Amino acid sequence: PGAAHGLGVGPVLARFDDVRKIAVLRGGGLGDMMFAVPAIESLAAAYPEAEITLLGTDAHAALFGGRPGPVHRVEPLPYAHGVRPGPEDPQAVEDFLRRMRAEEFDLAVQLHGGGRFSNPFLLRLGARHTVGTRTEDAAALERTIPYLYYQHEVLRALEVVGLAGAAPAALQPQLAPLPDEEELAAAWLDPGRPSLVTIHPGATDPRRRWPASSFAHVAAKAAADGCQVLVVGDELDVPLAEEVVALARGSANDGGSIRSVAGCLTLGELSAVLRASDVMLGNDSGPRHLAQAVGTPTVGIYWAGNMIMAGALGRTLHRVHMAWMTNCPECGADLTQVGWTAERCSHDFPLTEQVRAEDVYADLAQLRATSLLLRGK
């Protein structure tokens, strides 16, 4: 197919005809979903008459349900190897695929990894047209781009939808908290401290977690500067969040302004708390991406490889601090190959330990001072 007019990450090919129903496959966590939002926005702009169904997770359904945006509905994926991890039920997979084939999708878009497992799954939807990424050993779709590990995930997804004729309509995700979510989130805010700093110390991969003591140092300094500090996370983050709070209170003169709400917020309430924050500090993990989506300035802590894949694109509202370690300090394994061509070593050394808390706080303080102006409030 010839390239269409329009500036894309890669070629923007000719659009398909008579597309009324689009399925987008993107499982994974909160951050994975945020990476796909600009691509879905671009599909909606290229096919304004089409209904877009996200094949995702229950969390995605909770996040997008009743919210304005390009996703019309979410169909939670069944547990299937390489598509959604969990207790697999072959009959549930068959039932899901049968139900989706009955939808008669015109276009199915694979934004879920290199395609070894997701491409065969996508092909079984029976859509008229298919586009996506592909490693050399993955099943071919109608139009594909090669899956090469080190590419920014937002740009990768935008390059994929360019295959369907969708030029970029957005470069970063945007999501607005709903009024009832803002009302519930207000209960966690301290009106006596109008400046709010939110911290998320967790990450799925323990190697991406900046040490709790470093987060605590920043939290104590923010409290000393008159901020309310909320430490957020899901149920799995509760022990880590409590550790950060305990360490911060131990070194802060006014520790009462530092508290954990990990495990207490729905995703919608979290979006509203992040929106109310002057600055959010976090590792390379879903809540930092959500903070960016709701328009809040962020300071992100990254290992250099993750920065390539997931770092914020701009620097006016978003600052990044990188650790450049390329070999495991315990066994010497080449960390740049993990997730690509080599097995991950067994050591969980915090790769970002070398990032200095003083440098992080300097960026946080600067963003906090200019936050309202930068956000047009």
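Tutor: Let us begin with a definition: helices (H or I, at least four residues) and strands (E, at least two) are DSSP runs, numbered from the N terminus. This is a predicted model, in which local features need pLDDT of at least 70 and side-chain atom pairs count only at pLDDT 80 or more, while totals for chains, interfaces and linings use all residues. Residues are numbered from 1 along each chain as its sequence is written, and side-chain values use heavy atoms, with hydrogens and water left out.

Student: How is the length of α7 checked against its number of residues?

Tutor: The expected span of a helix is 1.5 Å times one less than its number of residues. Helix α7 has 13 residues (residues 212-224) and should span 18 Å, which agrees with the 18 Å between its end C-alpha atoms.

Student: Which residues of α7 are buried?

Tutor: Buried means under 20% relative accessible area, exposed over 50%, and partly exposed in between (1.4 Å probe, protein chains only). In α7 the buried residues include Phe-215, Val-218 and Ala-222.

Student: Where do the buried residues of α3 lie around its axis?

Tutor: An α-helix has 3.6 residues a turn, so residues three or four places apart point the same way. In α3 the buried residues are Val-93, Phe-96, Leu-97 and Met-100. Seen down the axis of α3, they fall within an arc of 95°, so they line one face of the helix; the arc is that of the directions from the helix axis to the C-beta atoms.

Student: What do the buried residues of α3 pack against?

Tutor: Contact means heavy atoms within 4.5 Å. The buried residues of α3 pack against β2 (51-56), β3 (73-76) and α4 (118-123). Val-93 is also one of the residues touched by Ala-80, along with Pro-85 and Glu-88, when residues up to four places away in sequence are not counted. Ala-80 itself sits in the loop between β3 and α3 and is buried, with a relative accessible area of 10%.

Student: Which residues other than glycine have a positive phi?

Tutor: Among them is Asp-18, with a phi of about 55°. Asp-18 is found in the segment before β1 (21-25) and is exposed, with a relative accessible area of 62%. Another is Glu-104, whose phi is near 55°. Glu-104 lies in the loop between α3 and β4 (107-110) and is exposed at 60% relative accessible area.

Student: How many disulfides does the structure hold?

Tutor: A disulfide is a covalent bond between the sulfur atoms of two cysteines. The criterion is a pair of cysteine sulfur atoms within 2.5 Å, and the structure holds 0 disulfides. The sulfur of Cys-328 has its closest cysteine sulfur in Cys-331, at 3.8 Å, too far for a bond. Cys-328 counts as buried at 5% relative accessibility, whereas Cys-331 counts as partly exposed at 42%.

Student: Which domains does the chain have, and how far apart are their centres?

Tutor: Domain bounds come from an automatic or database domain assignment. That assignment gives domain 1 (4-164) and domain 2 (179-369). Their C-alpha centres lie 29 Å apart, and the contact takes 13 residues from domain 1 and 21 residues from domain 2.
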